[in-house]
Amino acid sequence: MTVLVNVIVMVGMLVVVPAGLRLTGLPELDRIGRLWPLFAVPGAVALWLPRSPAATTFALCYALGTVLLALHAPRRLIRSRDLSPGQVALLTALVTPAVAALALVAERAGHELFGFDLEILALTVPHFHFAGFAAALVAGLVCRVSESRAGRFAALSVPLGTLLVLVGYFIGDWAELAGAAVLTAGMWTVGLLTWRLGRERGRDRTTRLLLLTSAAVLVATMLLALSWAIGEATGLPHPTLTWMAATHGLGNALGFALCSLLAWQRIRDRHPSESRTA
């Protein structure tokens with residue numbers, strides 16, 4: 001499982017976050033986007049080192065980059081005073097990599113942060129790159145183009161679900177289940193709106209395939225997440241963490257996040273105004 005999780009996290013660090021930053025269309029993120037490899041490459045190296053001061057130092061380098069990114073959220077909020085659903089989703093995307101980086105630093109240092117064991121901390125890293133950053137960003141994108149109640153629901157429920165899952169880590173399994181339910185509802189709404197976008201006339205074949213794939217994958221991956229959360233809360237049989245990493249984690253990373261971002265990049269290249277979250 002460790003190898004698979006590390007590969008998934010590397011995809012998040014080196015591909016998903018910089019691609020997502022470009023899709024925001026925000027000039028103030030251009031500099032952090034250009035500098036991102038300076039932070040992400042040491043972060044990726046930290047994944048493969050044994051837990052040690054060296055691994056912790058590399059992880060701290062990545063954490064610095066995520067903090068610089070997260071600081072754009074309050075600056076943008078103060079400047080724009082905008083708490084529309086799409087903006088909430090964007091602000092969430094800017095902040096969540098820092099949560100992942102905090103878990104990474106603690107795990108690489110061998111420190112059970114807030115009492116969480118190292119395995120949970122390791123899995124928190126991909127969760128907040130994909131269920132955090134990628135999901136919130138894509139929710140903001142579909143909210144902007146759909147201009148519907150469903151789009152607004154997606155843009156609010158994905159950040160809320162992500163927050164509730166985080167709070168559930170501290171409160172207990174039933175709170176985490178509530179967060180998983182909200183997040184699943186939001187992600188399925190994202191999937192529905194993405195499916196509709198893929199079915200629109202005028203989409204080229206590759207973009208259509210990417211959109212439809214990402215929408216279809218969400219149905220399965222979020223059903224797995226919900227079944228795992230129900231099992232944890234009730235004691236019913238549910239997938240193991242290893243199985244979740246190989247199915248839910250890999251599916252969200254490649255099937256949802258990568259396909260979605262590639263599709264939105266193609267949309268941006270053809271219709272620049274359609275793909276911006278701001």
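Start by selecting α6 (118-146), which gives the largest share of the lining of the largest pocket, seven residues. Helices here are DSSP runs (H or I, at least four residues), numbered from the N terminus. A pocket is an open set of points on a 1 Å grid over the protein atoms alone, where a 1.4 Å probe fits, with protein on both sides within 12 Å along at least five of seven lines; lining residues have an atom within 4 Å of a point.

The model is predicted: local features need pLDDT of at least 70, side-chain atom pairs count only at pLDDT 80 or more, and totals for chains, interfaces and linings use all residues. Residues are numbered from 1 along each chain as its sequence is written, and side-chain values use heavy atoms, with hydrogens and water left out.

Next, select Leu 123, His 127, Tyr 169, Glu 176 and Trp 228, which lie nearest the centre of the largest pocket among its 30 lining residues. Colour the lining by residue class: 19 are nonpolar (Ala, Val, Leu, Ile, Met, Phe, Trp, Tyr, Cys and Pro), three are charged (Asp, Glu, Lys and Arg) and eight are polar (the others, Gly among them).

Now move to the second largest pocket, with a volume of about 230 Å³. Select Thr 2, Val 5, Asn 6, Glu 107 and Ala 122, which lie nearest its centre among 15 lining residues. Show α1, α5 (85-108) and α6, each supplying at least two residues of this lining. Here too α6 gives the largest share, five residues. The lining of the second largest pocket has nine nonpolar, two polar and four charged residues.

How values were computed: Points joined across faces, edges and corners; volume = space filled by probe spheres on them.
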